[in-house]
Structures are given as structure tokens and as C-alpha cells.
Amino acid sequence: MTSSIVGPDATPAPRRPGRPRADGASPTGRGTESDLLSAAARLFCTVGYTATSTRAIADAAGVRQASMYHWFGTKAAILQRLLLDSVEPSLESARLLLARPEESAVRLWALARLDVELLCSGDLNIGALYLLPEVAGDGFETFRDHREQLRAAYGDLVSGTLGSDAAPDDGAMVLTFVESVILRRRDEPELDAARAGQRYADLVLRLLGLDDDAVARAREAGSALADEARPRKPVARQN
């Protein structure tokens, strides 16, 4: 077996081709992978997904195009990663909240608030990428599966809130309403994430028929709970 120990006079092994940056600076300060994701997010949200080439992404990230393929094999892989980064924190919060002992209405309020805040975070409206026709096709199964898990979590919390009055599609209805903030943000780019999160969470419970007192109680308890269920590693791919 060949030894892996290299002697002091040995010729260093060549670096893996395609890895060096086009220049020495990282635009985000978080490394090549984050640079590529940030560059792609900005281009997808401004120029458009179809109109954006892999060369344009590499140029904007300050890396050689060949280096990009070390991290992402296709443009679709970059898009799926951006989509996952926009749903996985909410899914993590949902799993934590489903295991909590608080009333379902309180946990539902907290999840809706956190989900809206995530969709309103950053300077780019990443959620708008959900509407791309490509997302319904091959290569995005993982994102669709995670979003379905989030829908199911909403459904469980709605069922716990309404009991036998809950309808099978109530979880989907609530998720659709929460994600409508994506369209609102398109019209109001400066939408305040914290205010929108609280307002949408209130409206979710009103949509289900809860009265003012019940909404106020859920908001009071849910505010502290949301802080506890906030994802430990918030995603910052958009700046």
C-alpha cells in the first residue's frame, strides 16, 4: 500500500483544477459557495432564472466558471439550494413546535410568524422563485418534499386548533395564505418583517374563525414561543 506521508523534498500534488478564484476577494466574506449562492440569488431575482447563465453567476461571484462546478453541477442545483434555504428554517421550527406542549393555536401563531419573517428577510424576495415553472419539474423534488412536510405541519396545528371542525385542506390554505406575503413583498419591497410576521400570524387565526380574545392570548404566548423556536442557524444567502 502506498504511504500517504509526503517527504519534505517531494513535489506538492497539483491543486484540484477549477478551484482557484478569479480574484482573491470573497464578495460576501463567507467563501466561494456563499458567493455563488448570493450572486445567483441576485441574478435570478433581477435578471430572471432563464436569462441567467452559469458564466454570469461565476463572473458575479468573482470565480472561474470551472470552479463553480466544484460546488454546483448545474444552474438548477443552485436554484434548489436557494429554495431549500428558504423553507428548511421554517420546517426546523415546525418540528420543534409540533413537539411542544403549548396549545395548538399558540404554536400555529408562532410558526406563521416565523415563516413570514423568513420570507421577508434579506434584501431579495427569494420566495418569488417558488413561482418559477421550472420548480414543478425534475430536479426540485427535495424542495417540493420539504414544502409538503411544512404544509403537513400546518395541517396538524390547524387540526389541533379546530378539532373536528378542521377540513383536510386547511393546512394547505394556511400555507398559501402565509406565502401570499411573497406577492405583497413584490409590491412593497421595504415591508417590515417583524410587523408582517405578527400581523399575518394574527390573520391566520382569524381566518380559522378564532375570536379577538383567543387571538390575543395566542399572540401573547406565541411571541415568546416563537423566539424559542427560531432556527439556530438562520440562512443569509441573499445579501
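Visitor: How many disulfides does the structure hold?

Guide: This is a predicted model, and a disulfide in it would need a pair of cysteine sulfur atoms within 2.5 Å. By that criterion, the number of disulfides that the structure holds is zero.

Visitor: Is Cys120 buried or exposed?

Guide: A residue counts as buried when its relative accessible area is under 20%. Cys120 has a relative accessible area of 6%, whereas Cys45, at 30% relative accessibility, counts as partly exposed. Cys120 is therefore buried.

Visitor: Are helix H1 and helix H4 roughly parallel or roughly perpendicular to each other?

Guide: Two packed helices are described by the angle between their axes and the distance between the axes. The axes of helix H1, residues 32-46, and helix H4, residues 75-98, come within 10 Å and cross at roughly 90°. Since angles of 65 to 115 degrees count as roughly perpendicular, H1 and H4 are roughly perpendicular.

Visitor: How many residues of the contact of H1 with H4 are charged?

Guide: On the side of H1 the contact is made by Glu33, Leu37, Ala40, Ala41 and Phe44, and on the side of H4 by Lys75, Ile78, Leu79, Arg81, Leu82 and Asp85. Of these residues, seven are nonpolar and none is polar, and the number that are charged is four.

Visitor: Are the rings of Phe44 and Tyr49 stacked or edge-to-face?

Guide: A search of the whole structure finds three aromatic pairs, and Phe44 and Tyr49, both of them buried, form one with ring centres 5.0 Å apart. Planes over 60 degrees apart count as edge-to-face. The planes of Phe44 and Tyr49 lie at 70°, so the pair is edge-to-face.

Key. Residues are numbered from 1 along each chain as its sequence is written. This is a predicted model: local features need pLDDT of at least 70, side-chain atom pairs count only at pLDDT 80 or more; totals for chains, interfaces and linings use all residues. Side-chain values use heavy atoms; hydrogens and water are left out. Buried means under 20% relative accessible area, exposed over 50%, partly exposed in between (1.4 Å probe, protein chains only). Axes are lines fitted to C-alpha atoms, for helices over the stretch in contact, and angles run from 0 to 180 degrees between N-to-C directions. Helices (H or I, at least four residues) and strands (E, at least two) are DSSP runs, numbered from the N terminus. Angles under 35 degrees count as roughly parallel, over 145 as roughly antiparallel, 65 to 115 as roughly perpendicular and the rest as oblique. Contact means heavy atoms within 4.5 Å. Ala, Val, Leu, Ile, Met, Phe, Trp, Tyr, Cys and Pro count as nonpolar, Asp, Glu, Lys and Arg as charged, and the others, Gly among them, as polar. Rings of Phe, Tyr and Trp (its six-membered ring) pair if their centres lie within 6.5 Å; planes under 30 degrees apart count as stacked, over 60 as edge-to-face and the rest as tilted.
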